[in-house]
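Subject: Structure handover

Hello,

Here is the structure I promised to pass on. My notes follow below it.

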Amino acid sequence: MEYIYASLLLYKAGRELSEENIRKVLEAAGVAVDDVRVKSLVAALKNIDIAKVLEQALAAPVAAAPVQAAPAQAPPKEEKPAEEEEKKEEGVSEETLAEGLSALFG
């Protein structure tokens with residue numbers, strides 16, 4: 001994940017997404033750099049229009065789960081169904097979000 005953050009930081013700063021720049025950002029953050037991952041990331045980003053992907057990600061509606069206060073005297077049995085209902089109401093699953101991130105890097 002830190003590799004993605006480094007590339008987004010460089011993009012936002014208007015810097016070139018090169019192996020050297022990504023390596024510098026990761027080292028500055030105290031991350032042990034894996035050269036193979038850096039090379040793979042740079043190669044994948046050459047074919048991606050990051051501005052377009054970010055625009056699409058920001059335009060996609062994300063449903064927020066409503067905040068519900070649990071009754072003070074609710075038995076533990078009621079907590080589990082409440083969690084299941086919240087998961088159903090979220091609208092966007094973790095799998096869908098993961099697919100969006102994988103689309104960012106091909």
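Helices here are DSSP runs of H or I with at least four residues, and they are numbered from the N terminus. On that basis, the chain reads α-α-α-α-α-α along the sequence. That is six helices and zero strands. Please keep in mind that this is a predicted model.

Two totals for the chain. It has 106 residues, of which 14% count as buried. Take the contacts between residues at least 6 apart in sequence: 58% of them join residues at least 24 apart.

**α1 with α2**

Helix α1 covers residues 2–13 and helix α2 covers residues 19–28. Their axes are 9 Å apart, and the packing angle is about 115 degrees. That makes α1 roughly perpendicular to α2, since the class runs from 65 to 115 degrees. The crossing of α1 and α2 is right-handed.

On the α1 side, the contact uses Glu2, Tyr3, Ala6, Ser7, Leu9 and Leu10. On the α2 side, it uses Asn21, Ile22, Val25 and Leu26. By class, the residues of this contact are seven nonpolar, two polar and one charged.

Leu9 deserves a look. This residue lies in helix α1 and is one of those that meet α2. Yet Leu9 is exposed, because its relative accessible area is 52% and the cut-off is over 50%. The C-alpha atoms of Leu9 and Val25 are separated by 8.5 Å. Along the chain, these two are 16 residues apart.

**α2 with α3**

Helix α3 spans residues 35–45. The axes of α2 and α3 come within 9 Å and cross at roughly 130 degrees. α2 and α3 are therefore oblique to each other. The crossing is right-handed here too.

From α2, the contact takes Glu19, Ile22, Arg23 and Leu26. From α3, it takes Asp35, Val38, Lys39, Leu41 and Val42. The residues divide into five nonpolar and four charged, with no polar ones.

**α1 with α3**

α1 also packs on α3, at an angle of about 50 degrees. The axes of this pair are 11 Å apart. α1 and α3 are therefore oblique to each other. Their crossing is right-handed.

Glu2, Tyr3 and Ser7 of α1 make this contact with Arg37, Val38, Leu41 and Leu45 of α3. The classes are four nonpolar, one polar and two charged residues.

**Ile22**

Which residues does Ile22 touch, leaving out those up to four places away in sequence? They are Ala6, Ser7, Leu10, Val38, Leu41 and Val42. Ile22 itself is found in helix α2. Ile22 is buried, because its relative accessible area is 0% and the cut-off is under 20%.

Is Ser7 buried or exposed? Ser7 counts as buried, at 1% relative accessibility. Its place is in helix α1. A polar atom of the Ser7 side chain lies 2.7 Å from the backbone oxygen of Ile4.

Ser18 sits elsewhere, in the loop between α1 and α2. At 16% relative accessibility, Ser18 counts as buried, because the limit is under 20%. The Ser18 side chain reaches the backbone nitrogen of Asn21 at 3.2 Å.

**Where to start**

I would open the view on Ile22, which touches residues including Ser7 and Val38.

Best wishes

Note on methods
Residues are numbered from 1 along each chain as its sequence is written. This is a predicted model: local features need pLDDT of at least 70, side-chain atom pairs count only at pLDDT 80 or more; totals for chains, interfaces and linings use all residues. Side-chain values use heavy atoms; hydrogens and water are left out. Axes are lines fitted to C-alpha atoms, for helices over the stretch in contact, and angles run from 0 to 180 degrees between N-to-C directions. Helices (H or I, at least four residues) and strands (E, at least two) are DSSP runs, numbered from the N terminus. Angles under 35 degrees count as roughly parallel, over 145 as roughly antiparallel, 65 to 115 as roughly perpendicular and the rest as oblique. A crossing is left-handed if the near helix is turned anticlockwise from the far one by less than a right angle, and right-handed if clockwise. Contact means heavy atoms within 4.5 Å. Ala, Val, Leu, Ile, Met, Phe, Trp, Tyr, Cys and Pro count as nonpolar, Asp, Glu, Lys and Arg as charged, and the others, Gly among them, as polar. Buried means under 20% relative accessible area, exposed over 50%, partly exposed in between (1.4 Å probe, protein chains only). A polar contact is a pair of N or O atoms within 3.5 Å; within protein, one must be able to donate a hydrogen and the other to accept it, and residues adjacent in sequence count only if both atoms are side-chain atoms.
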